[in-house]
Amino acid sequence: MNLPSPGDYIDIHNHGGRPSPGYYSIENLMAHEEMVPDMTAGISYTYGIHPWHLTEESLVKQMNRVISIAGHANIIAIGEAGFDRLKGPELKLQHMAFEEQVAISEKFSKPVFLHCVKGWDELLEVHKKMGPLQKWIIHGFRGKRELALQLLSKGMYLSFWFDFILRPESAPLLKSLPSDRIFLETDGSGVNIASIYIKVSVDLGLSVDDLKKQIFNNFNDLFLK
């Protein structure tokens, strides 16, 4: 597994990023694309079945790919997986795919990266049902404080949607949450992760270097403990 250095800007969720000195990126690979991970320095990968690209016909093939690749040394987590009520197949199929990916996460002792759009009840239902030992991280979070606290109470981590976290109105939420449970991401937007760090450091009253240290510590807690 490739790991970040303490002074790196950690981009916890990206698509199509390129390695660059001082930056560390977790790239999301999706099973329907049939892409494979490598050992490029400065990059690690997640791998899973995104609900947008899930069909009854493709489930078995995609799941077999997740199983075959989950053990790769540079696959750091399973996903992004989860629920989407706005863009995806029937919830029964989403449940099936998600629970199988949670089981793979547990088998390989790797966290789960979560995509969730208006499927929070389903997500929490599966968490209660399966009682996972591995940690879960919500990517692209832009919900309200009450939801954030509910997810944090289940031991989850939050990575904020790039567009939301750059808005001034995100500051009160950010300040109200424990800094040891947060991450930042670009999600393939082309935004420089450094600009997100600068904005968040101002919101939290930290230097950029101190924010880097905090997120580096959060990374170690999520992936290495």
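**Reading the model, feature by feature**

Modeller: Let us start with Glu 80, whose place is in strand β4; helices (H or I, at least four residues) and strands (E, at least two) are DSSP runs, numbered from the N terminus. This is a predicted model, in which local features need pLDDT of at least 70 and side-chain atom pairs count only at pLDDT 80 or more, while totals for chains, interfaces and linings use all residues. Residues are numbered from 1 along each chain as its sequence is written, and side-chain values use heavy atoms, with hydrogens and water left out.

Biologist: Which form does the peptide bond from Gly 79 to Glu 80 take, cis or trans?

Modeller: That bond is cis, with omega near 15°.

Biologist: What is the order of the strands in the open sheet?

Modeller: Two strands pair if DSSP finds at least two bridges between them. Here 8 strands form an open sheet with parallel pairing, in the order β1-β2-β3-β4-β5-β6-β7-β8. Because β1 and β8 stand at the edges with a single partner strand each, one side of each has no neighbour in the sheet. From one strand to the next the twist averages 25°; axes are lines fitted to C-alpha atoms, for helices over the stretch in contact, and angles run from 0 to 180 degrees between N-to-C directions.

Biologist: How many bridges join β4 to β5?

Modeller: The parallel strands β4 and β5 are joined by 5 bridges. Phe 83, for example, has Cys 116 in β5 as its bridge partner.

Biologist: Which strands does helix α1 touch?

Modeller: Contact means heavy atoms within 4.5 Å. Helix α1 (residues 59-69) packs on the sheet and touches β3 (43-48) and β4, its direction making about 145° with that of β3. Helix α4 (residues 145-153) also packs on the sheet, touching β6 (136-141) and β7 (157-160), and its direction makes about 160° with that of β6.

Biologist: What caps the N-terminal end of α7?

Modeller: Asn 192 does, with a side-chain oxygen 2.8 Å from the backbone nitrogen of Ala 194. Just after α7, Gly 205 takes a positive phi of about 70°.

Biologist: Which residues other than glycine have a positive phi?

Modeller: Among them is Ser 109, with phi near 55°, in the loop between α2 and β5 (112-117). Another is Asp 187, also with phi near 55°, in the loop between β8 and α7.

Biologist: Which residues of α7 are buried?

Modeller: Buried means under 20% relative accessible area, exposed over 50%, and partly exposed in between (1.4 Å probe, protein chains only). In α7 the buried residues are Ile 193, Ala 194, Ile 196, Tyr 197, Lys 199, Val 200, Ser 201 and Asp 203. Their cover includes β1 (9-14), β2 (23-30), α5 (162-165), α6 (171-176), β8 (182-184) and α8 (208-223).

Biologist: How many salt bridges does a search of the whole structure find?

Modeller: A salt bridge is a side-chain nitrogen of Lys or Arg within 4 Å of a carboxyl oxygen of Asp or Glu. The search finds 6. One of them joins Glu 122 and Arg 85, with the closest N and O atoms 2.4 Å apart. This pair links distant parts of the chain, 37 residues apart: Glu 122 is in helix α3 (residues 120-130) and Arg 85 in the loop between β4 (75-84) and α2 (91-108). Glu 122 is buried at 8% relative accessible area, whereas Arg 85 is partly exposed at 49%.

Biologist: Why are Asp 203 and Lys 199 separated by about one helical turn?

Modeller: An α-helix has 3.6 residues a turn, so residues three or four places apart point the same way. Asp 203 and Lys 199 are 4 residues apart in helix α7, so about one turn separates them. Their salt bridge has its closest N and O atoms 2.5 Å apart.

Terms used:
Polar contact = N/O pair within 3.5 Å; in protein donor to acceptor, adjacent residues only side chain to side chain.
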